[in-house]
Amino acid sequence: MKCIVNLVLNLALWLTWGALPAGTAAAQSPTSIFSPAGTPARSTVQLSMLVLSVTFAIFVTVAGLLVYALVRYRRRPTDDGHEPPQIYGSNQIELSWTVIPVLIVTTLFLATTRVILSTEAVPKPASAMNVTVIGHQFWWEYRYPGLGVVTANELHVPVSSPKTPTPTYLTMSSADVAHSFWVPRLAGKMDVIPNRVNVMWIDPQQAGIYLGQCAQYCGTQHAKMLLRVYADSPSDFAAWAKHQLEPGRTDFSDDPVAAEGQKVFMHNACINCHAVTGTPATGRYGPDLTHFASRDTLASGAIENNPENLRKWINDPNSMKPGSLMPAMHLNDHDLGVVTTYLSRLK
Amino acid sequence: MQAIDETTASQDRRAPVSIIYEWLTTVDHKKIGLMYIAFALFFLLVGGVEALLIRIQLMVPNNHFLSPQVFNRLFTMHGTTMVFFAGMPILFGFGNYLVPLMIGARDMAFPKLNAFSFWISAFGGILLYFSYFGGSGLYAAGTAPDVGWFAYAPLTSKVFSPGHSTDYWSLSLFLSGIGSIGTALNIVTTILCMRCKGMTMTRLPLLPWLYLVTSGLVFVAVGPLSAAQIMLTLDRYLGAHFFDTQAGGSAVLWMHFFWIFGHPEVYILVLPAFAFANEIIPVFSRKAMFGYPAMVAASVAIGFVSLSVWAHHMFTVGMGPAGNTFFVFATMVISVPTGIKIFNWLATIWGGKISFAVPMLFCIGFLFQFLVAGLTGIMLSAAPFNWQLNNSYFVVAHFHYVLVGAILFALFGAFYYWYPKVTGKLMNETLGKWHFWLMVVGFHLTFDFMHIPGILGMPRRIYTYEANRGWQGWNMIVGVGGVIQAVAILCFVYNLISSYRHGEDAGTDPWDAWTLEWATQSPPPSYNFAIEPTVASRRPLWDLKHPEDPDSDYE
Ligand code: HEM
Ligand SMILES: [Cu+2]
């Protein structure tokens, strides 16, 4: 029975948006809302299936009647030129097409309310992970108040299993303008607004990287304010957290190039905006760089993190991400090289 | 009659300067209506070019055709232009032209206010675009605004939007807002006070009824927007902190102000489109409108309910379950009166003798597309679905179904339908059919396929995207559809111009229609009716043509 229902629903999806059954959509895109990997996203898909099938049924009925009427009552060449009978209305008919929609709407409303309550009004379990998300033009800051970890752009959370649920609660605010946190496979979006604290939760149920991006226009580089959520198995997550908690590497006596790079970094404006724990760099305007080299990407997921890109980035961020608020640092070739080496060692 | 024709003819022999002077100083509702329409068509083309540039940029991933700054200006200007300087004025233009004619009046209630409203709106449009020419620094002007047509705080505060581009945005819309309120006031007064003899409110044709509701909404909705714009300007120049979050202001307050205007605005635009369909569908089906009282009631209901749904644009703001549930309810409720309208149109067609002339073709397109728009609207009103789809391309697809699929299609229908009244010439049918079919194909390629990247996680207002997201194929189709629509609109513009010279003569009543505007000559003389008409039913010309079976017996 259930599979017949699913078949019909998929068919509805097909016809509504051309070749798009939930399955192929998921295969095509790492950000499809129809391949949920967490509870909030999944209950949305279930609701969508109901809404889609109801609206689809309405579409087929009304469009069918319209097409029928247009074909059946078209003016024919044999027309006698008389006006057709004039009909001014009918109370019964009009009542019926008021009452039936009211019933349909009531059903949809109740179903919707159920999902709203099950997403927004559930108590937070004691086992929950807490992360503070701070939106910046055009990158993300993540702080783990329970753990003491501070990182940027790549959010690590533990996988949550039905047996031992460890949802992650995101407490969100913005340092500048409005942004919106959206990782479609995990949950719907939630706006990240200055002077306001919003909360949402996610519970990825398979390990993996989930992509998303800022969904509220926030200025020049809104397009490249990307999101990466790493769902790690509990042991991987523990290992990651342990590593992040270690003070960043500050002693480079065995690596003269990096040591020189460290000096260049500390003697430039870098430290006004960036922090590296254990050093004079305590800036908060840009991403924390303490464990920078443990991240896969640069500039909020816009570019792969490798020495070549890093060098280009520091030399002129705007050439890679026009509108980025990090200024070009105007270092000479030599300094650029050693700073790059230094940052690449900040595992 | 003879005498009138001579005066019209002799007018054309005057010097061009005096003709221009007359247009610039006119207070005739028909001339003002036409100026509104011309002004709006110009901006429709400008907004269209902007849209095309946006779509070309997004056809392929990682495109470098436009820079992010240019792209952000383009989508801001596109949205602002289309809503305020194409949509509203074109609908006011039709209202201005048609309302007095359809109620058998000689002019609007306040002809001078009418001219003032037009000119101040036009000035607003010019001011908005002057921001482009201003250039940085020159005339102390910024470049074009890039904060989005919704201009969310605090992106618009001095800190995040230095220079003057945001001031241009806010001042130009403030001015056009004054014009809109003036015109709304005029339309309401005209309909309430200037109906001809015998035209009770229950005999008022549906078009003026809908303009009445629309104008009511303009009153209630435009005020909050203007207020918010004044507050924004105070923030920017006098250190007020309404929306300046860096000093403790509220970003969410702006959203409420904006959407208290912004949601009714959608109905301000769509109700006149309903109005056109209400006039055209019966005439080309040869039937009286089915359920006139229900149509009126539904329109008034939509007007009222539309004022209580604004926060369905804010489901992702974190309103909490109570707020969300309320706005889900209000939004879903509005689909009931909307459904009534669709069913009544269907019933009007049912049992008729439908002729597929170009105005009717566009109304049929309107019916199907509005149906889909309504259904995706229901989907979006389910808040959890909305958490996924808000600010994604799905929403862009949904509201373009309303704005293009419903409003623009109904408007094209209106152009073909009333053109003969305005010019005395018919528009070319063959070109009209080309226009229609190209438009249908282009529209569906563009906007059907735009739902899909939304479902696949593509946010709106991004100037580029990664290649691995699975969005590019869809965006390519969308772009091609956009180009086809552009060709369709060129067909239309060409038709408008060439039919004026070469069109067939239309006579007073080419469609065998029933409302009063068809009782006077085409084009109507400056005083509209030589003798003020008297009516006894909703379809006065039906009564004249069918004395054996007049409508008045059934109403
Ligand atoms: C030579 C000195 C600097 C170095 C080596 C440096 C390095 C970096 C690196 C590696 C990133 C990418 C971080 C990530 O993706 O997690 C970054 C981003 C950033 N930096 Fe710097 N930085 C320097 C100076 C500055 C200064 C002076 C500022 C503030 C005015 C600044 C502001 C930022 C911002 C806002 C970002 C995020 C950009 C975005 O993704 O849009 N940086 N920087
Ligand atoms: Cu953002």
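How much area is buried between chain B and chain A, and what share of that area do carbon and sulfur atoms give? I began my notes on this predicted model with that question, and I found about 8300 Å² buried between chain B and chain A, with 69% of this area coming from carbon and sulfur atoms.

Next I turned to the fold of chain B, where I counted 18 helices and zero strands. I compared its radius of gyration, 23 Å, with the 24 Å that the globule rule gives for 555 residues, and the two values are close, so I recorded chain B as being as compact as a globular protein of that length. Along the principal axes, I noted that the C-alpha atoms of chain B fill a box of roughly 70 × 55 × 40 Å.

For the packing, I looked at contacts in chain B with a separation of 6 or more, and 80% of them join residues 24 or more positions apart. I also recorded that 66% of the 555 residues in chain B are buried.

Finally I examined the surface and the charges. Chain B has an accessible surface of about 18200 Å², and I assigned 72% of it to carbon and sulfur atoms. I counted 27 positive and 28 negative side chains in chain B, with the centres of the two sets 2 Å apart.

Methods:
Residues are numbered from 1 along each chain as its sequence is written. Chains are lettered from A and ligands numbered from 1 in the order in which they are written. Side-chain values use heavy atoms; hydrogens and water are left out. Helices (H or I, at least four residues) and strands (E, at least two) are DSSP runs, numbered from the N terminus. The radius of gyration is taken over C-alpha atoms; the globule rule is 2.2 Å times the number of residues to the power 0.38. Buried means under 20% relative accessible area, exposed over 50%, partly exposed in between (1.4 Å probe, protein chains only). Contact means heavy atoms within 4.5 Å. Accessible areas come from the Shrake-Rupley method with a 1.4 Å probe; for residues, only the protein chains shown count as cover. Lys and Arg count as positive and Asp and Glu as negative; His and the chain ends are not counted. The place of a charge is taken as NZ of Lys, CZ of Arg, CG of Asp or CD of Glu. Buried area is the accessible area (1.4 Å probe) that two parts lose on being put together, summed over both.
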